[in-house]
Amino acid sequence: MIDRRRRNTALLVAGCFFMENFDGTIVTTSAPRMAAAFGVEPAAVGLVSASYLITLAVLIPLSNWLTRRYGTRPVFLSAIVIFTLASLGCALSQTLPMLVIMRVLQGVGGAMMVPVGRMAVLNTADKSDIVRLVAYIVWPALVAPVIAPLAGGLITTYASWHWMFLINLPLGVIAFIAAWRLIGSIDAPAPPPLDWTGMILSGVGLGGLTYAAHLVTDPSPGIWPAVIGGLSVIIIVAAVLHLLRARHPLLNLRIWSVRTFRASQASGFAFQLAMSSVPFLLPLLFQQGLGWSAVQSGALVIFVFVGNIGIKPATTGLINAFGFRPLLVVATLGLAGSVIALGLTTAATPIPVIAILAMISGVFRSLGMTCYNTIGLADVPPEQMGDANALSATTHQLAAGLAIALASVAWQGATIVAGSGGGALSYGVAFVGVALFALLAAVGAIRLPAGAGDAVRQPAGTRSRRN
């Protein structure tokens, strides 16, 4: 049975996860208003999002070492303070360069906040509690990208862009008070010397790849995304080779020898690419393809959130009843099918049908992400849980950044087809391209052993006694 303190800690980390993901996507719909305020082109505002995402990608691998060096409590509390004060700095920024600097500081806080919080919740948890704890933590990663664009549009339309960051202040204060009461120090062996080579190689590689993904979203990106992306891949390969050979690597890639963890990282990465592309593609389809207003578009995208939340209370019971492999097969195939169906909608499609499809997509997103995040920790030894959390957080952040690039490339290709007379139906090309990644994840799910992840499932006789 999960004790009350641990459950509340999981909910605290969930709230921090929401703030981190919310701030990663809220700027998108506000770019024109912010550009006008700073006297720059809207494309230049993309650096506000890119700087935040790059900082997260670069610093997340460092979180495990910092926690072992300074302790869970001081690192987590410091992360909340940095994130909250940087949010205030964003709101007070008078120039674009100043805002970018504040976003980098926000990324510093966010990079430490969620991975360290996950460690505090999961490192000492019983295997039988992991399913429910992950269910508490994972939902913000699904909800924030769905509601953030609409929230950003409403805030900049009826207030000002500054409020996108000011809303973090009360949330940060509440999170700090809760963390002060809930987060304790976890005993851990002193860390080895910092792997500077691994930090530099992984930081430059991940940061460069995330920046290349940002450049892809530019209307005229030129060859720079390919050049920077190619160099970043080479650096990442060098980082992997170093991390596999290093005595004390910054990221412990040897944990990939755990089959369920390896499956959650590989198949889960493909699944998240498809999943994270949907909130980006849907508003474009609704506004450009179907001619809807921004508010109407945002309201329909909310039905993805309805599906996310609607299935959440049932996920633990479903995992306990059916196991991971059947649910992952259903989730991956279901996501692929619902994404394709959404891409095939036209102006003649009844709005209730579109809302139902969006909600079904949300159901499969939520089910799949909960399963992947849980099965990844099912067979990880307790002494390697910190390494698994750091590597999972890094993979998650990389997928979130690359998903926008994937959706942008798919959308630009569809726009070319539409411009040559293809009509709204041709936008389905973009959705089909994204759905292929969900199908790739399905292949990995099918190849899982029948009993994969059973170590964290709760026997039928004890489920009734759980909270």
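Accessible areas here come from the Shrake-Rupley method with a 1.4 Å probe. Keep that in mind as you work through this predicted model.

**Exercise 1.** Work out how much accessible surface the chain has, and what share of it belongs to carbon and sulfur atoms.

*Solution.* Start with the total: the accessible surface comes to about 18,400 Å². Next, take the share: 70% of that surface belongs to carbon and sulfur atoms. Now look at the residues themselves: 56% of the 467 count as buried.

**Exercise 2.** Decide whether the chain's radius of gyration agrees with that of a compact globule.

*Solution.* For the spans, the C-alpha trace covers about 60 × 50 × 40 Å along its principal axes. As for what it's built from, count 18 helices and zero strands.

**Exercise 3.** Find glycine 323 and say whether it is buried or exposed.

*Solution.* Step one is to locate it: glycine 323 sits in the loop between α13 (294-322) and α14 (324-343). Step two is to check its cover: the relative accessible area of glycine 323 is 3%. Buried means under 20%, so glycine 323 is buried. Step three is to list its partners: leaving out residues up to four places away in sequence, glycine 323 touches Leu318 and Arg457.

Technical notes: Residues numbered from 1 in each chain as written. Predicted model: local features only at pLDDT ≥ 70, side-chain atom pairs only at ≥ 80, totals over all residues. Heavy atoms only, no water. Helix = DSSP H or I, 4+ residues; strand = E, 2+ residues; numbered from the N terminus. Buried < 20%, exposed > 50% of the residue type's maximum accessible area, 1.4 Å probe, protein only. Contact = heavy atoms within 4.5 Å. Rg over C-alpha atoms; globule rule 2.2 N^0.38 Å.
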